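These are my notebook entries on a single structure. I set out what I looked up, entry by entry.

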Amino acid sequence: MQIPGQGQPGAAGRLYNFSAGPSALPAEVLQQAADEMLSWHGCGMSVMEMSHRGKEFGSILAQAFADLRELLAVPDNFRILFMQGGAIAENAIVPMNLIGRRAGFTPKADYVVTGTWSIKSQEEARKYGEVNIAASTEAQGFLSIPPVAEWRLSDDAAYVHLCTNETIVGVEYHEMPMIGQDSGSVVVADASSHILSRPIDFSRVGVVYAGAQKNIGPAGLTLVIVRDDLLDHALPITPTAFNWRIVSDADSMYNTPPTYAIYIAGLVFQWLKRQGGVAGIERANIAKAQLLYDYLDSSAFYVNRVDPACRSRMNVPFQLRDATRNDAFLEAARARGLVQLKGHKLVGGMRASIYNAMPLAGVQALIEFMREFERTSA
Ligand SMILES: *Cc1c(COP(=O)(O)O)cnc(C)c1O
């Protein structure tokens with residue numbers, strides 16, 4: 001049995017991990033963290049043991065902010081916040097900070113439902129105000145993204161919430177939709193599972209948030225990028241540690257931040273810069289996704305049913321035409337060092353999550369295995 005090394009030197013024995021999250025990190029990053037574990041830059045302690053107010057961690061935090069701003073070309077009028085609680089906590093933190101934004105209106109927000117994550121987001125928001133479902137593809141099984149022209153946006157909504165990559169069903173917005181500037185609303189995007197895989201058009205969005213554990217680093221860190229005019233509308237019930245204005249003014253250190261997770265995220269940002277930044281990694285992501293979808297479309301044995309115009313570059317669900325072969329598929333894949341391919345229970349079948357850290361060689365190995373499994377199943 002040959003275990004691939006993810007194409008990275010010194011990484012022998014590592015598997016190709018297709019997990020949807022927490023997911024694979026670049027082997028180079030893990031190796032650097034291992035090398036620096038006991039004594040970071042010779043300072044005599046681990047990053048985990050440092051005061052968050054000391055100059056060592058201060059430099060790690062400042063570098064992480066700067067690198068992320070550069071990678072995503074975040075404009076000056078947006079603040080970057082490192083928070084905690086994951087994207088699911090943001091499902092509450094967003095309405096708490098934003099739903100009361102429009103003076104003279106009752107708190108209200110529009111939600112576009114394109115999969116299981118946007119369903120969860122709108123459910124949570126209902127605790128804080130009125131929710132209008134502007135569009136939903138639930139009745140069609142979440143296989144596409146409804147065109148903006150068909151959204152029924154409210155005149156009085158504080159924001160319109162989207163999940164720009166639905167991790168479970170595998171649909172992705174390939175451009176940030178433009179909603180009318182005169183609507184008074186602003187786009188809020190849950191980008192947890194494709195952040196940093198492609199550029200973000202900040203002229204079309206007011207808030208972007210993401211849990212770290214798919215494309216940024218360890219679970220426990222949550223990224224929020226928010227336009228500065230949206231910081232001052234929190235409902236009085238908002239916990240202080242979740243108030244964007246307070247977190248922003250404290251440079252994400254109102255409470256003790258997840259220091260080690262921020263450090264690893266910072267190493268990932270530097271790794272991304274070495275891959276040619278977001279433009280470079282996007283080219284790699286397009287090549288990986290195209291290879292896999294082309295193979296799926298050419299096969300009579302496997303199928304992906306998502307509208308080709310909305311297929312996710314990050315999460316590729318697929319079914320075996322003969323579902324009785326599912327367990328055999330997973331077992332044989334595992335023996336080849338290809339792991340975490342089982343689909344989410346809501347969709348069934350398989351799912352290959354091919355985030356930034358998955359090399360092209362991993363996708364090639366998966367396809368080679370899938371061909372062989374088809375042959376031997378005939
Ligand atoms: C994983 C995921 C979440 C959940 O994140 P938590 O860190 O568990 O809160 C929410 N939204 C999307 C799009 C996700 O992929």
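The entries below begin with the division of the chain, turn to the ligand, and end with single residues.

**Entry 1: the model and its domains**

I noted first that this is a predicted model. I then looked up how the protein chain is divided, and I found domain 1 (40–272) and domain 2 (277–377). The C-alpha centres of these two domains are 28 Å apart. I also looked up the contacts between them: 25 residues of domain 1 touch 23 residues of domain 2.

**Entry 2: the surroundings of the ligand**

Which residues are around the ligand? I listed Gly86, Ala87, Ile88, Trp117, Cys163, Asn165, Thr167, Asp190, Ser192, Ser193, Gln213 and Lys214. Sorted by class, this shell holds 4 nonpolar, 6 polar and 2 charged residues.

**Entry 3: polar atoms at the ligand**

I looked up distances from oxygen atoms of the ligand to polar side-chain atoms. For Thr167, a polar side-chain atom is 2.4 Å from a ligand oxygen. For Lys214, a side-chain N or O atom lies 2.7 Å from an oxygen atom of the ligand. For Gln213, the corresponding distance from a side-chain N or O atom to a ligand oxygen is 2.8 Å. I then looked up how much of the ligand is covered: alone it exposes 390 Å², and the protein buries 86% of that.

**Entry 4: Thr167**

I returned to Thr167, one of the residues around the ligand. I located Thr167 in the loop between strand S6 (165–166) and strand S7 (171–172). Is Thr167 buried or exposed? Its relative accessible area is 4%, so I recorded Thr167 as buried, the limit for that class being under 20%. Its side chain makes a polar contact of 2.7 Å with the side chain of Ser193. Ser193 is itself among the residues around the ligand. Setting aside neighbours within four places in sequence, I found Thr167 in contact with Ala20, Trp117, Ser193, Asn315, Arg351 and Tyr355.

**Entry 5: Leu231 and Ala234**

I looked up two residues of one loop. Leu231 lies in the loop between strand S10 (222–227) and helix H5 (244–249), and Ala234 is also placed between S10 and H5. Leu231 has a relative accessibility of 1% and therefore counts as buried. Ala234, at 26%, counts as partly exposed, because that class lies between the 20% and 50% limits.

Beyond four places in sequence, Leu231 touches Arg79, Val226, Asn243, Trp244, Arg245 and Ser248. I then looked up two pairs of C-alpha atoms. Ala234 and Met96 are 138 residues apart along the chain, and their C-alpha atoms are separated by 5.6 Å. Leu231 and Asp67 are 164 residues apart along the chain, with 23 Å between their C-alpha atoms.

**Entry 6: Leu320**

I found Leu320 in strand S12 (residues 315–320). Its relative accessibility is 5%, and so Leu320 counts as buried. Which residues does Leu320 contact, leaving aside neighbours within four places in sequence? They are Phe301, Tyr302, Arg325, Asn326, Phe329, Met350 and Phe373. I also noted that Leu320 and Val306 are 14 residues apart in sequence and 15 Å apart in space, C-alpha to C-alpha.

**Entry 7: backbone angles**

Last, I looked up backbone angles. The peptide bond from Gly21 to Pro22 is cis, with omega near -10°. Pro22 belongs to the loop between strand S1 (16–17) and helix H1 (27–35).

I recorded a positive phi of about 60° for Phe142, although Phe142 is not a glycine. Its place is the loop between strand S4 (130–136) and strand S5 (160–163). At 9% relative accessibility, Phe142 counts as buried.

Gln340 is not a glycine either, and its phi is positive, at about 65°. Gln340 sits in the loop between strand S13 (338–339) and strand S14 (350–353). Is Gln340 buried or exposed? With a relative accessible area of 51%, Gln340 is exposed, since that class begins over 50%.

Methods
Residues are numbered from 1 along each chain as its sequence is written. This is a predicted model: local features need pLDDT of at least 70, side-chain atom pairs count only at pLDDT 80 or more; totals for chains, interfaces and linings use all residues. Side-chain values use heavy atoms; hydrogens and water are left out. A residue is near a molecule or strand if one of its heavy atoms lies within 4 Å of it. A polar contact is a pair of N or O atoms within 3.5 Å; within protein, one must be able to donate a hydrogen and the other to accept it, and residues adjacent in sequence count only if both atoms are side-chain atoms. Accessible areas come from the Shrake-Rupley method with a 1.4 Å probe; for residues, only the protein chains shown count as cover. Ala, Val, Leu, Ile, Met, Phe, Trp, Tyr, Cys and Pro count as nonpolar, Asp, Glu, Lys and Arg as charged, and the others, Gly among them, as polar. Helices (H or I, at least four residues) and strands (E, at least two) are DSSP runs, numbered from the N terminus. Buried means under 20% relative accessible area, exposed over 50%, partly exposed in between (1.4 Å probe, protein chains only). Contact means heavy atoms within 4.5 Å. Domain bounds come from an automatic or database domain assignment.
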